[in-house]
Each structure stands twice: as C-alpha cells, then as structure tokens.
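Open the model in your viewer and keep the selection tool at hand. Each stop below says what to select and what is there.

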Amino acid sequence: MSEAVKVVDDVAFEELLANPYPVFKRVRDLGPVVKVEAANIMMVTRFDDIMAIERDPETFSSINPQSLLNTVIGPNLMRKDGDDHARERVAMDPSLRPGVVKRCWADSMRAICDDVISQIEHKGEAELFEELAAPIAARALADILGFDGVDWQTMALWSQSLIDGSGNYSHNPEIARKAREAASGVESAVDRMLPHHRDNPNPSMLSSMLQADPAQTVEQIYANIKVAIGGGLNETRDSILTLILGLLQNPDQFARVRAEPSLWGQAFEEAVRWISPIGMYPRRLTRDVEISGTLVRKGEQVGLCVGAANHDDRRFSDPEKFDVFREKKSHLAFGAGSHFCAGTWVSRALVSQIAVPMVFERLHNLRLKDPELVRVRGWVFRGPTHMPVVWDA
Amino acid sequence: MPTIRFLSADGTEFAVEAQNGRTLMETALENSVPGIIAECNGSAACATCHVVLPEEIMLALGPISEHENDMLDFAEAPRESGSRLSCQVKVSDALDNISVRVPAA
C-alpha cells in the first residue's frame, strides 16, 4: 500500500526564511514527500530520494513552459531536458570547464579579488556582503560572460531582480516591473557585446555560445545568459561568506586549513554542504509514481530540498555542525543529474582557491565584529546577508 | 553480453554482465560498484565516475573529447594514462573481460 502525502500546516513562512533546517528535519522525519502549506510545495528532503529522482529525468522532468522562470527570462535550459537541454548546456560548457577556469579565468579572478580587498584593507573593518563578496562574485561573473563595462552594482541588481521575478508567485506588479527592466538591460548588454565576441572568438560565455554547433539563436543566448546572471552570482557570493563564517566560528579548523592549504577545497565543500546557497529546486512528475512508498500524481510538482538532503542525518553525522574534517561523502549543493551546476568548477576555483585564502592572507587576525550581528537568511536561496568583521589594519 | 571486471579501490573485484550500448558508469551503478558516484548522471560535468582502463583498450576506444579531457585533469584521483570518465565509455564486445579499475579518491 502506498502512503498519501502528509501535510505540515503549522509552519510559518517566516520560520523557513529565518532558519529552514528545523523544518527540514521535521519534514524529513515525517515522510519522504511532505506538503508544506506555508511554501505551497511538496518537499522531498532525503538524500537518497533526491539522488534517485535526479537519475530519472523522464519521470521527474524539468520541463515546465508555464513556469514563472520561463515567463520572466524566456525558454531556457533550466526548464528543458534531454537533447534540448544538452545542446544549450554544451554551448556554455567551453567557458566553464575546470581547465579553462584555471588557464583563462584564474588570473583575472585573482586581479578582481586583489582590487576589492585593496579597497578595504586599510580600514580595519568592513561589512563583507556588500564590500567584499557581492563585488567579487559580480565582477567575476561579468568577466566570464564577456560583459565588458557592466559595473558590479548593475550585475547585482539584474541578478536579484531576475531571481525575485522568478519567485513572484503573488504577482506583485513592482517585482514584475523590475524583472522586466533587468531582462531588457541584459538583452541590451548582449546586443552591445555580440559583435565584439563574433569578431574576436575568446573563452567568454557569449563567445562560446556564438561558436557553438549548432549555433545558438539570439533568443537562446538572451535566456541562458539571464540564467547565468540569476543563477551565477548569489551562489558564489553566499559561499564566499559561508566559508569565511564557518572558519571564523571554528578557529581550530581554520588553523589546520591555514597550515595545510590543500585543505581549502575540502573546507569549501563542507561550507556549501553546511549552508547550501540553493536550498530547493522543482521537478514536475510526468506519471504517477511512488517516492519511497509515497504516491505522487502525474502533473504535480515536487521541491527537491537539497539544503535538507545536505543535513540528512541518515547520511551526515551531526549535520548542523561545520566540520571540515567530517567523513568524506558527496553532497548535493551543486544538484545532481544533467542539471548539475554548470558553474561548479568556477565557484570551486574562485571561492576556495582564490578569494577566501586571499581574504585571510590580507586581512590579518580577521574576526567577527560581533557574532550577534551576523545575519543568515533564506530557504530557496540561503546565505549570510550581513557579516561585519574587523581585522588588524 | 560482455563481462566487465570492475576492480574497486580496496582491491575487490566485481565481475558483472554488461549490456552493449550502456555506459560503464551505468553498468557500475546498476551493480553497486563502490567509488562510482556519478553525481551528474552521465553529463560529463562532475568528474566523479573516473576509472582507469587497460592501455590497449584506450587505443581501440578512439579519441577523448576536449571536454572529457579537461575534466579528467580535475578528477579527485590523479589522472593516469588509462583514465576515462566511465559515463563516456559505451560497453561493446570489444570490452569483454576487461579490467576496469576505480582509483582511490
């Protein structure tokens, strides 16, 4: 006998935003699929279930032409599967491969981090969201896209406006207007840059899309560049802050990482497991199916809560703890299956090999100004939103 | 049906019947061979299905794509001359009875 989907109706939306992990734990222990009324979604929260779902894209589809994401940014690879998805993914990949990151992007990413840190180094204190992580993430992304002359504030505004528009389920007209403005801003920037990249083939994403076989249409380029802006800025920004936070809160672990720089990669993987920048993404069922014994109907949408899976105590012991030295196991912070994060290798290099090591090297005796002032927020997207620090200038 | 001999990092051998046309990664997952994580499920994006093949088979399999070649340099275990992403290698009679080693991560 299959079980019906259980319902949780006594959780307030604000609880999810403030700290989703207690809710995730409750839902994970209640059943494999649980409808959480406050979020209006059926959550899948266990590690093994999500892994199995991501190996079956024919049943658990990303295709959803009516989604807000498609309305806001146009038909894009996040909402496609199979060959349609693969063709657009392959058009971006040449800019994002790990070797390309190392050969083509590492030097400019290092220069960006150096410049951003130089601007605050003498002050002895800063708020790291606004003064460090956001500008580094936005400028690195602009570089990789091939967007010359777009400042980081504009990139950040576009990114946030597109994200807000894609989650605008209450159809707030102001949010919709800002998203439209961001979309047209991105399209104008693409139009302005395309001739340059057509005439000068280079490793940037715009250039890769132009060189792709089959060639990408301008509509595909518009839409997937918007995906890269909406989905390629906040994750890097948030994981920079999360890794710094985890190490500042755990000086013993920091001492070991500092003494053995090959541990930076491991520290980064733990940071994105601990507070995953993307906590949930949707899949739509193409047939009636049981998920670990719970029946879900064709046409329904489930939210794969990778943030919850990364705290699944069936897989990770003491999951709430930041522990660089925990037993090594793969996590789901980059998702799984064919939609596995395209920017994974960029973020690994930028955050764990360049930005965060440079922060600790240049800002001596870095510490939280007041642990009480640190704010971490969100559940679909989660990360530190306010992180004042001091150091010996 | 060809037999594939997966050799896990701890030295255990998993001799499995494989279906032509499936990938080595799919064959390994279906037979719970340890060490093949395959996070991206065959998209050559994660480099977590790294295996080492006998060198004589490498020639028979033909050239490695630029994308896979790049990924292999960043797999967790160091690259060897017989390294491949198992999701990019299709089972065929030519692979019958070969030894496929899963390197220690």
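This is a predicted model: local features need pLDDT of at least 70, side-chain atom pairs count only at pLDDT 80 or more; totals for chains, interfaces and linings use all residues.

**Stop 1**

D107(A) belongs to helix α6 of chain A. D107(A) and I73(A) are separated by 34 residues in sequence and, C-alpha to C-alpha, by 31 Å in space.

**Stop 2: where chain A touches chain B**

Show both chains. The contact involves 13 residues of chain A and 13 residues of chain B. On the chain A side, helix α6 (residues 98-120) gives the most, with 3 residues. Sorted by class, this side of chain A has 5 nonpolar, 4 polar and 4 charged residues.

**Stop 3: the largest nonpolar core**

Go back to chain A and select I50(A), I136(A), L141(A) and I240(A). These have the most contacts inside the largest nonpolar core, which has 144 residues. Helix α7 (residues 128-145) of chain A gives the most to this core, with 12 residues.

Which residues does I136(A) touch, leaving aside those up to four places away in sequence? They are I112(A), C113(A), V116(A), I240(A) and A355(A).

**Stop 4: the buried side of helix α2**

Select residues 20-30 of chain A, which form helix α2. Within this helix, P20(A), V23(A), F24(A), V27(A) and R28(A) are buried. Why are they on the same side of α2(A)? They cover an arc of only 130° around the axis, so they share one side of α2(A). In general, an α-helix has 3.6 residues a turn, so residues three or four places apart point the same way.

Next, show what these residues meet. The buried residues of α2(A) pack against strands β1 (6-8), β2 (33-36) and β3 (41-44), and against helices α1 (13-18) and α15 (306-309), of chain A.

**Stop 5: two crossing helices**

Select helix α9 (residues 173-199) and helix α11 (residues 218-232) of chain A. Their axes come within 10 Å and cross at roughly 115°. The crossing of α9(A) with α11(A) is right-handed.

Show the side chains at the contact. From α9(A) come A183(A), V186(A), E187(A) and V190(A), which meet I221(A), Y222(A), I225(A), K226(A) and I229(A) in α11(A). By class, this contact has 7 nonpolar, no polar and 2 charged residues.

Key: Residues are numbered from 1 along each chain as its sequence is written. Chains are lettered from A and ligands numbered from 1 in the order in which they are written. A nonpolar core is a set of buried Ala, Val, Leu, Ile, Met, Phe, Trp, Tyr and Cys residues joined through C-beta atoms within 7 Å. A residue is buried if 20 or more other C-beta atoms lie within 10 Å of its own, exposed if 12 or fewer, and partly exposed in between; C-beta atoms are placed from the backbone. Helices (H or I, at least four residues) and strands (E, at least two) are DSSP runs, numbered from the N terminus. Two residues are in contact if their C-beta atoms, placed from the backbone, lie within 7 Å. The arc is that of the directions from the helix axis to the C-beta atoms. Ala, Val, Leu, Ile, Met, Phe, Trp, Tyr, Cys and Pro count as nonpolar, Asp, Glu, Lys and Arg as charged, and the others, Gly among them, as polar. Axes are lines fitted to C-alpha atoms, for helices over the stretch in contact, and angles run from 0 to 180 degrees between N-to-C directions. A crossing is left-handed if the near helix is turned anticlockwise from the far one by less than a right angle, and right-handed if clockwise.
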